[in-house]
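Okay everyone, thanks for coming.

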Amino acid sequence: MKIMVIVAHPQLNNSRANRAFMLELGNRPDIHVRDLYQEYPNWEIDVEKEQRLLLQYDRIVLQFPLFWYSCPPLLKKWFDDVFTHGWAFGPGGDNLEGKEFMITTTVGGTENQYRSGGFNKFTISELLRPLQRTIARCNGSYLPAFVAYNANAGSDAYLDREAEKYAEHILAPMLELVQ
Ligand SMILES: Cc1cc2nc3c(=O)[nH]c(=O)nc-3n(C[C@H](O)[C@H](O)[C@H](O)COP(=O)(O)O)c2cc1C
């Protein structure tokens, strides 16, 4: 299975969690990791290139720090630009059919805060629904997300452990993830 990871973090030089995750993936040469903000400093996304790459991979992982309960803006733009009518949906838009998508997000809050009745009221699964629906609308398979809580307060050792779990998660077969 060919896996591409698209990392969207506007300040990777100040990152601990996402950088630790990228370092871990660096040990796995079979996974293609990309840095979206580095590739597109002017935010001019090369739509043809992105669509070509999407066709080449079986599983696409979108990795980002949660910003205001959502993804950083360049990743939103990536969806807006790349998932076009006639390519990703609509007549002839069947290119993403059956492709596996997975979200990985690092969050400042704790797991207890992300539940009904907790500080943030909603689970991360609930908050990721616009992305889930976008992928489903384009007939992609939306796989369970990997969420790293407490990303700011957690120690380096904790983030390293999360990074290992993350790598296992994105390498796991679909059936293992959904059951
Ligand atoms: C603009 C901004 C918005 C954020 N919004 C949230 C949020 O809605 N919920 C949350 O739990 N953490 C939020 N955070 C914390 C980040 O998710 C956290 O710093 C990040 O996941 C840590 O990863 P990093 O070390 O790779 O930067 C926010 C941080 C910034 C800078």
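Before we start, one term: when I say a residue is near a molecule, I mean that one of its heavy atoms lies within 4 Å of it. And keep in mind that what you see is a predicted model.

So, who surrounds the ligand? There are 17 residues around the ligand, and the closest are H9, S15, N18, T106 and Y114. If you sort that shell by class, you get nine nonpolar, seven polar and one charged residues.

Where does the ligand sit? The space it takes up is the largest pocket.

T106 has a polar side-chain atom 2.7 Å from an oxygen atom of the ligand. With W68, a polar backbone atom is 2.8 Å from a nitrogen atom of the ligand. G109 also uses a polar backbone atom, 3.0 Å from an oxygen atom of the ligand.

Last topic, salt bridges: the count comes to nine. One of them pairs D156 with R16, with the closest N and O atoms 2.8 Å apart. D156 is in helix α7, while R16 is in the loop between β1 and α1, so this pair ties together parts 140 residues apart in sequence.

Key:
Residues are numbered from 1 along each chain as its sequence is written. This is a predicted model: local features need pLDDT of at least 70, side-chain atom pairs count only at pLDDT 80 or more; totals for chains, interfaces and linings use all residues. Side-chain values use heavy atoms; hydrogens and water are left out. A polar contact is a pair of N or O atoms within 3.5 Å; within protein, one must be able to donate a hydrogen and the other to accept it, and residues adjacent in sequence count only if both atoms are side-chain atoms. On a 1 Å grid over the protein atoms alone, a cavity is a set of points where a 1.4 Å probe fits but cannot get out, and a pocket is an open set with protein on both sides within 12 Å along at least five of seven lines; lining residues have an atom within 4 Å of a point. A molecule sits in a cavity or pocket if more than half of its atoms lie within 2 Å of its grid points. Ala, Val, Leu, Ile, Met, Phe, Trp, Tyr, Cys and Pro count as nonpolar, Asp, Glu, Lys and Arg as charged, and the others, Gly among them, as polar. A salt bridge is a side-chain nitrogen of Lys or Arg within 4 Å of a carboxyl oxygen of Asp or Glu. Helices (H or I, at least four residues) and strands (E, at least two) are DSSP runs, numbered from the N terminus.
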